[in-house]
Structure formats: C-alpha cells, structure tokens
Amino acid sequence: MQFRDLKKQYQILKDDINKEVMRVMNDANFIMGKQVKDLEKELAEYVGVKHCLTCGNGTDALQLAAMALDIREGDAVFVPDFTFFASGEIVSLMGATPIFVDVDEATFNMSPESLEDVIKDVKASGKYNLKAIIAVDLFGLPANYPKIKEIAKKYDMYLIEDGAQGFGGEINGEKACSFGDISTTSFFPAKPLGCYGDGGAVFTNNDEWARLIDSYRVHGKGDNKYDNVRIGLNSRLDTIQAAVLSIKLKAFKEYEIKAVNDIANKYTNALSHIISTPHIPTGFMSSWAQYTLKLSSKKDRDNMQEALKAAGIPSMIYYPKPMHKQEAFEISTHYESCPVTDKLCDTVLSLPMYPYMEEKDIDAVVATIKSIL
Ligand SMILES: Cc1ncc(COP(=O)(O)O)c(C=O)c1O
C-alpha cells in the first residue's frame, strides 16, 4: 500500500497530461508560456481572488508575500508552533522574528486564544513591531480565519494564509487561499493539488502587492526583465508544470476533492468510537492533505506505527518536532511555551490518504487499526 499513490493518478490522467506536456515541448515555450498565464487565471477564478501569481515553490510563495508586505528586521511575525519548517523559516530569512503560537488540539491549527495572549505579551515587551500573522491550513483544514482576521484587525497586523496544504478547503463556501491579505500555496507533488516537481502560487486582491510580487519573482523587474528596479528572486513556475497542473486542476475540481472527503468520512465513521479522529468544525471543509489520528501517548503512537508497518501499511508523523525546538531558530526566535504542540508531536499519526485510494485499502487500514487496539 502507498501513503499517497501518485503513480495511480498519473495512470488515470496520463493521456491528457502527456498531450499537454508534449505541446510545451513542441512549442518550446518553457518559461512563462501561455499555459502559465491561463493557469493563473483559472486558479484565481477557482479561489475567488483577483490575482494569482505562480512561482517556484510554496516557500518562495511565502517569501514573495513577505517581500510585498516589507517584513523586515525588528518585525514580529506570529506563526503556529505546529507546522512545516518553511512557515517560520521565511520570517527569519527576511530578518524578522518568528513568534511561535500554540495550536488548538482539536483542529491542529493556530489557536486564536493563544495568538491573542502572545500578541499582548509581545506588545507589552515593546521589543518588536507587531507586523503579521502567518496562519497555516494544516493537513488541509483552513485555520480559524473568522477569529484570526478579527485579531489581525484589532492589532493592525497583516494576515498571510499559508495554504500550502490547504488548497481546495473551504469555510462556509469560501475557498482556501482567499482568507489572507496575501495567501500562498504549494504544488509540491504530494500536496492536495501537486505538480511533477516544485511549484507554488501567491493569491491577493490587492493590485499593488500583485504588481510587486510579479516584479520580485523575476529579479525585481521594472518595465522589462533587463530593467531591474528592486532586488528580487528567480522564482517562476515552469510552463511544463503549468501544463500538468491544468489537467490535474480539472480532476481536482471535478472529483478528487469529493473523493478525499468520502475517504475521510469512511475512516471517521469506522474509527471515531475507538480512537481520536480529525475534527472538522461546522461550516469548514478540509482538502485532506493528511488524515491524522491522535493517540494517548508517545508509546502508543510509536507502537501503532510499528504494528501498521508490520501489516504493510505506511504511516507518517507530521510533525515530530515543534518549531520552537528546531535548532535553526535558536537565536532568531522568541516563544512562549506551547504545551499542546509538544503533546501533538508525541501523539499524532497520519494514515494513507489520496483520492484514488481503493475501498479494499481503506478497509485494510481500518481492520488493522481495530485489531491493534
Ligand atoms: C505548511 C507548509 N508551508 C510551506 C510549505 C513549503 O512548500 P514547498 O515545499 O513547495 O516549498 C509546505 C510544504 O511542505 C508546507 O507544508
């Protein structure tokens, strides 16, 4: 059994993907071809924002957002303690200070209560300029934007949505990657919408930030790429990746999002009475980048992973280490204690999940977990 079977998806979409990739090869428009512009238009329409700017990967997408918002030394940027390294990495890369905030145990996402407590402490310390909040849509579930937006407004801070794992999720019919002042996503192959290499995108309704990001992603270009008006990056989505994504986006919209939600419901219906399964708040929809269980102790979690492995079932620990314990942040960060994140790192376990997962595999995972417990 595969944790996320990308080969199966390719077999199903192969004819269309090959045709589109060959078209790029024949046209030889590898950089910023028409397919990139067409994809950006389609992504912006799907998400419901004015601008989509694709780029090299989800980490660059976050950095481009930070560059547009002029995040710099002396700025405090609030980041969940339970996330992938890149969410905080780009804050330090910009010379600013990531402040790690604990998460909500039920949703795995940034806790609005902890966020406001930490903001108050940091404000009282007078050490930093309160600049931005980076909320992460962990495992596919949008963060609590109704509350986080209120807090951002109250303290006059920018809100960045790190939707690397969240593309396709919703809150009351509104799509992920539309909740931040600037939102970002990743098209890393294993993400809900993945390409065949690295890729990413930035979303915003703000014309000025879109203009800046368009410049920053091509060496700070001015009127043309040999007129450079600011220091930028070389971060574009390859036309071949845009061609792959144009086919995958169709499948994603038409049936993949529904398929992962059906699989999640099957897992939850079969397992929720014996183990802690993911909680989706009313009105929210996840794109199920991961389906993550919580066990009662590290020993139970590690035993469960071993027993699943012995039965031929892959599982993953996202994430084994809180951000505040990452050595790379030792000098650049400031954090309060994050007991919920500490506990989750010891007790979470993600199960196989992808839109083409067969009934017999879902049944095997469920039966094995039941027998282990
Ligand atoms: C929450 C989060 N943010 C950012 C990223 C960075 O995306 P990429 O790997 O495309 O740079 C990832 C990817 O793993 C992620 O999960």
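This is a predicted model: local features need pLDDT of at least 70, side-chain atom pairs count only at pLDDT 80 or more; totals for chains, interfaces and linings use all residues.
Residues are numbered from 1 along each chain as its sequence is written. Local features need pLDDT of at least 70 and side-chain atom pairs pLDDT 80 or more, while totals for chains, interfaces and linings use all residues, and side-chain values use heavy atoms, without hydrogens or water.

**Helices α8 and α11**

Helix α8 covers residues 239-271 and helix α11 residues 359-372; helices are DSSP runs of H or I with at least four residues, strands are runs of E with at least two, and both are numbered from the N terminus. The two axes come within 10 Å and cross at roughly 25°. Axes are lines fitted to C-alpha atoms, for helices over the stretch in contact, with angles from 0 to 180 degrees between N-to-C directions. The angle makes α8 roughly parallel to α11 (under 35 degrees). On the α8 side the contact (heavy atoms within 4.5 Å) is made by I263, K266, Y267, A270 and L271, and on the α11 side by E359, I362, V365, V366, I369 and K370. By class, this contact has eight nonpolar, no polar and three charged residues; Ala, Val, Leu, Ile, Met, Phe, Trp, Tyr, Cys and Pro count as nonpolar, Asp, Glu, Lys and Arg as charged, and the others, Gly among them, as polar.

**Aromatic pairs**

The whole structure holds 19 aromatic pairs, meaning rings of Phe, Tyr and Trp (its six-membered ring) with centres within 6.5 Å. In one of them, Y255 and Y356 have ring centres 6.2 Å apart and planes at 85°, so the pair is edge-to-face (over 60 degrees). Y255 lies in helix α8 and Y356 in the loop between β13 (348-351) and α11, so the pair ties together parts 101 residues apart in sequence. Ring pairs also join F3, F82, F84, F108, F139, Y318 and Y319 into a cluster.

Buried means under 20% relative accessible area, exposed over 50%, and partly exposed in between (1.4 Å probe, protein chains only).

| Residue | Relative accessible area | Class |
|---|---|---|
| Y255 | 34% | partly exposed |
| Y356 | 11% | buried |
| G169 | 0% | buried |
| V21 | 18% | buried |

G169 lies in the loop between β5 (158-162) and β6 (170-171). Its C-alpha atom is 6.1 Å from that of L141, 28 residues away along the chain. Leaving aside neighbours within four places in sequence, the contacts of G169 include G140, P142, E174 and M285.

V21 lies in helix α1 (residues 6-27). V21 and A242 are 221 residues apart in sequence, with 9.1 Å between their C-alpha atoms. Not counting residues up to four places away in sequence, V21 touches I240, A243 and V244.

Definitions and conventions: Angles under 35 degrees count as roughly parallel, over 145 as roughly antiparallel, 65 to 115 as roughly perpendicular and the rest as oblique. Rings of Phe, Tyr and Trp (its six-membered ring) pair if their centres lie within 6.5 Å; planes under 30 degrees apart count as stacked, over 60 as edge-to-face and the rest as tilted.
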